[in-house]
Structure formats: C-alpha cells, structure tokens
Amino acid sequence: MSKMGVKPREFGLKPRELGVKKPQFGVKPREFGVGTCVCFSAQCPAGCLCRCPCPCRCPCRCRCPCPCPCRCRCRCPPVAVAAMSRFFTTGSDSESESSASGDETAPKAAGGPYSKPLLLSEDEEDTKRVVRSARDKRYEELTNLIRSIRNAMKIRDVSRCLEEFELLGRAWAKAKGVVDREGVPRFYLRILADLEDYLNELWEDKEGKKKMNKNNAKALSSLRQKLRKYNRDYEGQIAAYRQNPEQSDEDEEKSRRDSEGSGSSSGAEDDAGNFLKRRERDEPRSRYKESESEPESESDEDWGDSASESDSESDEDDGKFTSLASKFLKKDEERRGAERRREEKAKKKLERKSRREEEEEEEEGGEWEKVKGGVPLIKEKPKMFAKGTEITVGLVMKKLNEILQARGKKGTDRAAQIELLQHLVAVAHEHQLGVPLELKIKFNIVASLYDYNPNLAAYMKAELWQRCLGCIEELLELLFAHPEIFVGENVLEESENLSNPEQPFRVRGCVLTLVERMDEEFTKIMQNTDPHSQEYVEHLKDEARVCGIIGRLQRYLQAKGSPEELCRVYLLRVLHTYYKFDYAAARRRQVRPRPQVSPGPQVSPGPQVSPGPQVSPDPQEKEKEDEEKEKQEEEEEEEDSEALMERLCRFVYAKDRTDRIRTCAILCHIYHHALHSRWYRARDLMLMSHLQDNIQHADPPVQILYNRTMVQLGICAFRQGLIKDAHNALLDIQSSGRAKELLGQGLLLRSLQERNAEQEKVEKRRQVPFHMHVNLELLECVYLVAAMLLEIPYMAAHEFDARRRMISKQFHHQLRVGERQPLLGPPESMREHVVAASKAMKTGDWRRCHRFVVNEKMNGKVWDLFPEADQVRAMLVRKIQEESLRTYLFTYSSVYDSISMETLAAMFELDLPTVHGIISKMIINEELMASLDQPTATVMMHRTEPTATQNLALQLAEKLGNLVENNERVLDQRQGAYGGYFRDQKDGGYRKGDGYLRRGGFRQERGNY
Amino acid sequence: MNFSAPFLGLCWKTRLQVVLKIIKHYQEEGQGNEVVQGVLLGLVVDDRLEITNCFPFPQHTEDDADFDEVQYQMEMMRSLRHVNIDHLHVGWYQSTYYGSFVTRALLDSQFSYQHAIEESVVLIYDPIKTAQGSLSLKAYRLTPKLMEVCKEKDFSPEALKKANIAYENMFEEVPIVIKNSYLINVMLWELEKKSAVADRHELLSLASSNHLGKSLQLLMDRVDEMSQDIVKYNTYLRNVSKQQQQKHQYQQRRQQENIQRQSRGEPPLPEEDINKLFKPPQPPPRMESLLIAGQINTYCQNIKEFNAQNLGKLFMAQALQDYNN
C-alpha cells in the first residue's frame, strides 16, 4: 500500500450513484438480525411442511408474504430446500449465514442501480411486494408487446412490427434488472428468432416485397437491420434455442435445478415434473391450434406454435401441480406464484453470483483460492468476536487486505468501506492486537476517507472532514504515545512488523502525506464554501485544528523525520503562518499599548466578518491542552511568528533539495516580512533570491504566490512611504487589469471560447481561499495613490513635452474616465476619490487633495485595513504636501519672478528646511530653473523655460524636420540615390535642431527626480 | 466699392444682409469647431454674381434620419419665391474653425455644386477672426483644372501630374464686394458715429498666444498627417521600384532560357503577360495630400497675416509705452 493519499481514481462517472447509495448505507446495519429467518433448514415453526428455502420469505417470523400451505399455500418445490442447504454449507449456523450475506450485500449493492430493488426487498416486506409487481409488470409488458408483434406479423404490417419492436427493445432495457437475475427468458428469445425468420422470409419474397407499400418496405429493411444488430448480442442463446426450441426450456430449468444441486432430491419427482410439463406443453398447443383455427400459412402455424410455447414457458414452472384442471382454474394465481418463486430463485442465484464475482474481483491470480477460504470467516469477524473465535493479527490483516482490495474498484461502496475499516479498528482495539495494527488500519481509514470523493474537484463533506481530522488526531496521538513504532512509506509490505514484539515495530504509511492531503482538502473546502456565509466561518475555525495537527506532526518529525520530510512539514507550517498578521508581536513591539483597530484589520481580509483575529489565538488555546513542555515551546514560537518563520525558512533554505519548497518558503518569508512592514529585509530577500528572473518557469500556484508576495511587498513599501518602490512593485500586477486573476482570487468573466470547462476547473482549483485574499480595492487604491504622487508632478513638469511618457497607464485611464463624465458629482468610489484628489493636486491644492484621499469613506474602504493606519495616514499627508509643492512650483513658476520660501512653507504647512530641501533638489535636478537667494530666503526664477507658444513652435519645427526628411526620401527614390547629398546636410542641420531643443530645457531623460 | 473681377467674367457681390445672416447663424448654432452651413441665393447679373439672400441648413442630429435636406431646400426656395425674393441657388456658405476648411468634404460638395450650377461659389466665414475685429469672409471656387480631375475621379499621382495640379491652384479665391443700398450705408455711417470708441478695441488686442497656439497646434496636426502621407507614398515608390527590378530579372531569365532553348533547337517559351505576373501595386490617392498641403498653406497664410498684424500692434504698443515714459 504505497502512498495511500495519492491513489489514482479512475471512476469519474460515479457521482450520480453516490446519491443512490447513501440511504442504503444508513439502512443496512438495521437490516440483518431483525427480520432474519432461521427456519428454513428445519420445519417451519408455523407447522407448514413447505420447508420453504427462502430465509426471509417464511411465514414464521419474518412476516413473509409467501402464501404457504399452512397459511399461504406455498408452492415451492421441496427440492429447493436441498439446493439451498448445499449452497450454504459453509455457514455453520443460520445466524452467521444471514449476517454474512447481509454483510456482503452492502458493499455489493453499490455495484449498480439494478441491484437496489433486491436489497430493498430483503429489507422490508412492503417494498418486496412492489418489487415483485414490478417484475410482473415488466414481463407482462414484454409479453404484451410480443403478442402485438405477432399480430402485426400475421397481418404483414411490417411498419407496425417495427414500432412494436422498438417498444419491445425499450421494455427489454427496462426489464434488464429482472433479466440479469434470471437470464434471458425463453419467450424473448423465441420472438427474436421468429422475427428474424419472418423477416428473412419476407426479404426473400421479392414479389411480395414489390407489392408491399412504401412504408412497409422501408420498415422492413430498417427492422431487418435493427434486428440483426440486436440479435447479435443474443446470438448464442438464439442458436441454442433454434437447435432445440422445445427441449431447451426444460433443460434449462433442469440444469438450473441441478446446479442448485439437490443431493436428496427425488428423481421421481423430477421426472414426474418433467412429464407433466411435457404434457402440458402438448396440451396447450393443440388447444391453441383449435382455438385459433386459422389455417393461413406455415409461418402462421409457426406463430401459433411459438405462442403456445410462450405460454407453456410460463406454465412450465407449474410442474408441481398434479391436477391439470386445477392448473387451468387457478392459472393466474399460479402464475404469480411461479413468478414469485422464480424470483426468489433468481435472487439466490444472483447472491451466489455476486459473491463469486466479488471473490473474483477481490482476488487476482493465484491468491484467489487462499482468500476465498478465508472470506466467510473474516466476514463474520466483526460479529464473531463475541463467540470467542480467536482473532489474530493475521486474520485482521487478511480482512484488512480484503477490504482494501476492493478499494478503487468500480462497484465498491466507499462509505461502507470506511465503516468496515472503523469496525475493524474497534475489533483490533478490543482484542488488543497491538498499536501497530491499529495504526495501520487508521492509516487506511484516513486514506479511504480521502478516497471517498471520486474526483479531484469535489470536496469533502463537513461530517467526513471532521471524521478525517479526528482520525488524524488519533493517529498522531498514537504515534506520540508509541514513539518506538517505526512508520515510513518506504517500509515494504513484507517487512512490516505489526505483531512481533521482539523486533521493532514497523508500519507502512506516511503521516506526512496524509497531513499534506488533509491540508489540500482543507483548501478545497475553503475554496468551495461561500466566503460570505456563516458556514465559511465555521470551516475556518477548523484552521486551528489543522494548524494544531501540522504543529504536532512537525514536532513528531523533528524527533524522527528525515530532512526532506521536515522540509515538507515546515513548508506546510509556513504556508499556514505567512499570511497571518501577528497582532501579539505588533502589540508587544509598541511599548505603549496603542488602541488597536482590531475589528477586522488583518491586512488581507476581505470582509469585515473575516475571522482573522479568531484564527491566531485559537491554535494557542489548542496547544494549551498539550503537554507542558510542548506548550511552552509552542508558545514561544507562537509568540513571534517572525522568529518562527525565520527558523523554519532557514531550515528549508539549508536543507531543501527540491527547488519548489525553497521557492515557496522564500516567497512566504518575504510575504511575512512585508506584511509586518520589514521592508528592507523583504526587499533584500526578494532581490537575493533572484526570483524575478526565473519565476516564469515555476508552476502556476507558485506564480500566484509570487504575485501575492509582490503585491504585499508593494503595499509594504507604500506604508513605509517608499512611493516609487511601491509603484514599481505593483505596476505589473495592476497594469494588466487582471489583478484578480493573477492573485488567484477569482476568475475573470471571459467568454467560454477562451477557456473550456476543463481549464476552468483547473483554474478553480488554483484559487486562493478567501481568508488569505489580498484586498483588491486596497491594492488598487495603494497603486493609484502611488501613481498619483508620482504622475501629477511629472505631468506638471512636462506639460509641453511632446514626448511625454506615462508613468502609469492605468492612472491615466482613470483620469480620462473622470474627464469623460459629463457631470462631476462628489466622488463616491475609491477611484473617483483618487481622481478628484489628483485634480486638486494638479493645481497645488494639497488641502483638498488630502481631504479626498483621507476621509471617512476612504478610511473605511482602505486605510483602516492597515495595521498601522495612523502612521500610513500621516505619511500620506506628508507626501501629498511635498508633491503638491512640487506640482505648484512646476505649474506656476512661470508666473513668479521670485517666491519667498516662507510663503511656500506656510502654504503647504511644511517647515522651512523641508521646503528648502525640496526646492534645492529640484534645482539640482534641473527641473526648476531657479536659484535660491539665501539672505531673503526666496527662490528667484530664471525664466529659461520656453513659453507655451515657443514650445509649440519647437514641436512644429521638429515635425517639419520629420516631414522634410520623409520628403527627401521620396526624392531619393526618384533619383535612385540612397542617402545622397541632401542627407548629410540635413542630418547635420537636424542634430543641431535637436541640440537646441535640449538646451531649451527639455529634460525628459533626467526627468525622474 | 464695386469690384471688377477677372475670373470668368463674373464678380461676386454680396449684400450686408447676407453677411449678417451668416454671422447670426453662426452665433446661434455654431460653437467651438462645429461648422454651420447654409444656402446662398442670388442671381447672375452681367459678369457678376450677386448674392442677395441666404438661408441656413437646419442642424439635425443623426437620429432623425428621415429628414430630407433636398426637400427642405426646395421648400425654402419656394417659400422665398412666394415673397418675391431671389430664389436661384448660387452656392453655399460654411463657417470655419481657425481656417481649417480645405477638406475633402468641402471639395466634394463644391464640386457637385459647381458641376450642377456653373457659377456657384462657397463662402467661408471665419468667426474667430471676425471676433478679433476684422470681418473675414472669403469666396472660393474650384479651378477648372481641378474640376477636370474631379470629373475623372482619378487621383493617382500620374493623373494629378498630368493635370498639373498643385495645392496653389486647387481653389481660386474670388473677390467679394459687399454692396448695400444707399439707405443702409447712410445708417451705417450714423451708427459708426454713435458707437463708443471702446467697442472697437478688439482690433488692438495684444493677447495673441491663444490664437497662435491653436493655429500652431492645427498646423502641427496637418504636418503630421502630411508626414504620414509621404511615408505611405514612399513605401509605394519603393514597392514599385522593387517590382520593377523583379520584372527585369524575370525578363532576363526568360531571355536567357530562350536563347538556350534555341541553341538546343527547342521552340522558345511563349511570352506571358508580364503584368499578370507582377501586379503593379495600388498607387495611393494623392488628393488627400494635396488637400493637406492646401490646408497647410491656408494655415500658414493665416499665421503670417496674424503675426504681421500682431507685430505691428506690438511695435505700436512699445512706441506708446516709450512715449508715455
């Protein structure tokens, strides 16, 4: 049993059956024991002599509806008793037998929807009746159809024949369940054979065909084809039938009986039965011939024949009746009885068959026989321990193997399997078969829990999930309690040691894989839950348990795991830690306890309901239940997630050999740093890892993680006031306009052509669960504000520049959208706020700009989501003041001859040195043509900037230059001389022009301040 | 103020009434760079065309598509005739935005006018210049050469070259004389005396940058277009020459092959239609660039004129300042 968690599942089409099976699952345990009949081997306690073989049909205790002679005039042949007894010889007593059969029907029942009625029929009496009538109905339907076909054949109405045949086919498909149990009934074969003959005859009859009307002719050919195709399935049976149309009936019957094999059956009786039957068969034929009295054609006679046969077929079961008269009198009743009996026979047969099938299914090749012997015993195990059968490890193992063999097979009821395994654990536990065995079975339970869902997309039901968690916890408990047991996925099946106490216990299985799979399942559950529902919160509460399990696993593996395993479990731990903001640490860092903006201020939360705060303390509580020492250690780690991340990631960096785990760890580490505003460390780590260069080779989930990290990095830079870095980090994500998709936080509504259902499924699986989301509005706002702070001064500085570049396309887009509005109301959305703020900033009005960026609405939408919201706001005000000052100077410097810096400081509420600094910087960067006059603290403008008209003229000159150049090319073409006389001259002159432009004060190259 | 016109023996005389109507029309309906249009009515007297009346085309939006302009015009003219006003259709007028009127649309409609009514004319009214204090009203006609080309509908470079059309001789400007009845003249004099000096100060406005800037902007746009056009033409030329080369090569090869064949005594390969093998590239229509050139020319004229005036004003202002100081 290698890697239990990763068992391939090939049954994709199962889900519909699941719904059918489930109720059975609930019903089954009740089923055996209550209505079980114990009388069939002995005389009926009711005093009847029928010795009815049916265990559940008896009038005695099981409320059997069978009309026994005592009360119900049962007509079952006594031979059957023997047959049954032979069949059940393996069972020592009746109870075990019935329980065994009950036991095995449960998993079997899942095999197909057709077996359902069978199961139910055993279940309750009422349903049984229904079932039988259904069977009656089916056969009646068939015979009716056959009759009408025969009629149609008689009047040579082929088209009618075709219709009826189609109906028959449908009815047959419906009756398939019944047929499967009983084999193909004779009358059906008969009609098929007859129809074929009839059609062939018609086909040969060329003249008749010519006479036939068009409809009929068409129907004839199509019916012939259809029938041919149809008959192919029953070829063998029809051939057998043809060989011996009459005899085969009873042969079959006989053989059936024989197979049921009665040692004690009386041959005389049998003979008598046969004799009677034959007589009966002859009788009705003559009768029919008389009654019909239609001496038409040979074929007609044939039909008569077959009709009688079909009757006799149904009659043949009445063989036990001695009196013909009574048979005719009670025909209906008899028939019902016969059918009933036939049904029960069929049921038994099916049971037998199914058991054999199961055995075949379970075993392959040589092992077959060995386990077959053990099957009944092991099946009884759960029930039998009371009786004192010795339960050994070997037996349990065998049983376990047997259960597991069915795993992944088509007909296996997975729910029942889990149930069985759990039962087995209980048994093992009760008999103290040793922890290793329990461990082994538990491993398998968890694996089957994972297997429960047939396809990857489906997620676990809540109940199963809880069980799974519980199981894993128990498993870990066991592992902790028995550290001497060696568990590993590399332990071979043969070298497992479950019972021998002399040698070290070795159990095959990998807890790590189980836990990883559990984590996956958890993610899946979270992905599939509506994030705005209470349900999500409920599920999220399990996060604590998941974390707890991972933590315990980590401790376990720290003691005995290999570095690779440790890396994996560390990564799990890291993945569950990196996105959570460590409030405790943040609080501790600030010496004075700042009033926390606690309601939902996780950085990554979407809604206010986000139970972020609940999550982090929960694991702590959980841990308290653990041992003291562990608890302390845990708390220490818990105390500072930074230290924890550091420790885990360092280990991974050092020990990991698969690139992926390291990449993930680095990204998570950066994310965590960024989340806690450790910008420089985050940035350095990012730069050192060189992830930017090769992330495109990673798989999509890692890429998503990378995107998340970049975004977090950008937001972190923004909080630190590093606007440019923030902008650069966010540019790629935001400029695509697909931030949502890139962060794995939802699919874009795209047309279906662009991605098919398959792709969509894959993409859905990649989604990040909601509680880990990065708030997209926050992200966009941060980006836009950063862009505003960069772009507005730049725009002001390069107002007349023809080759002005955009820093942020998206920001410009927003501005344009704002401009296009015919009526500009007060801003509503975050974007409108930013646009309004940008407009205010353009005119250097920092107060309005500030009011637009930081206000009640924006606080609620964006800024309060930061852990240190006040700091961010303070930083924003400061930045806005500075950038507004710059913008103001760029825009209005042409109006001034000189400005007093004090005035500026007062205007922008900045202190003098800052103003001085900003202006000096602008002068140094040659953005502002001015000089500072120290004594008076004024800025003297130099006025070397070209005026608007001059700018235009310059641009025009440039364009004309282009025009001339192009024109000369045309001239060159004409003259056939490329790059001739004009070119050199022009180039020279041109460069000069360019130079002039540059001297004129255009500094787009150095424009980045 | 009579003016004898050299062209076609016709002179265009306009009445003040018409001018005022056009101005009013623009004031009421045109704003920004939107253009207003209308129909000129009048009659030919001797060698002059007298424009005696006009009426505007109503502005109508895209949605009422069932509005029939022709129907409207006919209706208007009929009504005017009823009140005994000249009703002969002699052309149309259009307002302009910074002198940008040399367009394909104008060319097409003027062509159809001139095609149908020989003496028709288009009056271009420049409201911006008028607002600055000098009435700007110009009459244009297509030159006979251009008429020929337009009739042929062939704007390939060769055709234009053959027709000897350049941007200078696409349109001819026709002198306008505004002639009023004496009574009106008398009234105008009266009015002039009454009007305050301040009303006529627009003429002396020194604010120039706006107008100049706009003109430059427009000029730049046109230059850009011109540039693109030239690039297109250049590509065409290159394609032609490339093909020429290929053709030449092909012919040479064929010739050599034939010589070889002859020496071997085989019949020469049949001459195929070489134009079928090498389809000459579609020459780009040159009308656009002609029009753009014409437009650039107009802009340049405008700017020149404007600058000349402004320079004069500036010198005057300087002198005044010096004098005052």
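Which side chains meet in a salt bridge, N to O? The side chains of K959(A) and D224(B) do, at 3.0 Å.

## Basis of the model

This is a predicted model, in which local features need pLDDT of at least 70, side-chain atom pairs count only at pLDDT 80 or more, and totals for chains, interfaces and linings use all residues. Residues are numbered from 1 along each chain as its sequence is written, chains are lettered from A and ligands numbered from 1 in the order in which they are written, and side-chain values use heavy atoms, with hydrogens and water left out.

## Interface of chain A and chain B

Chain A gives 15 residues to the contact and chain B gives 18 residues, where contact means heavy atoms within 4.5 Å. About 1500 Å² is buried between the two chains, with 68% of it on carbon and sulfur atoms. Buried area is the accessible area (1.4 Å probe) that two parts lose on being put together, summed over both.

Between chain A and chain B the count is 1 salt bridge. The term requires a side-chain nitrogen of Lys or Arg within 4 Å of a carboxyl oxygen of Asp or Glu. By class, the side of chain A that touches chain B has 6 nonpolar, 6 polar and 3 charged residues. Here Ala, Val, Leu, Ile, Met, Phe, Trp, Tyr, Cys and Pro count as nonpolar, Asp, Glu, Lys and Arg as charged, and the others, Gly among them, as polar.

## Confidence in chain A

The pLDDT (the predictor's confidence in each residue, from 0 to 100) has a mean of 67 in chain A, and 59% of the residues of chain A reach 70 or more.

For residues 357–386 of chain A, pLDDT stays under 50, with 36 contacts beyond four places in sequence. Where pLDDT is low, the predicted coordinates should not be read in detail.

## Fold of chain A

Chain A has 46 helices and 5 strands. Helices (H or I, at least four residues) and strands (E, at least two) are DSSP runs, numbered from the N terminus. Of the 1009 residues of chain A, 52% count as buried; the classes are buried under 20% relative accessible area, exposed over 50%, and partly exposed in between (1.4 Å probe, protein chains only). Among contacts in chain A between residues at least 6 apart in sequence, 70% join residues at least 24 apart.

## Individual residues

S677(A) lies in the loop between α30 (659–675) and α31 (679–689) of chain A. Its phi is near 60°, a positive value in a residue other than glycine, and S677(A) is buried at a relative accessible area of 16%. H690(A), in the loop between α31 and α32 (691–694) of chain A, also has a positive phi, near 55°. H690(A) counts as partly exposed because its relative accessible area is 47%.

A559(A) belongs to helix α23 (residues 534–560) of chain A and counts as exposed, at 66% relative accessibility. In chain B, E148(B) is part of helix α5 (residues 144–152) and is partly exposed, at 45% relative accessible area. The C-alpha atoms of E148(B) and A163(B) are 8.1 Å apart, and the two residues are 15 residues apart along the chain.
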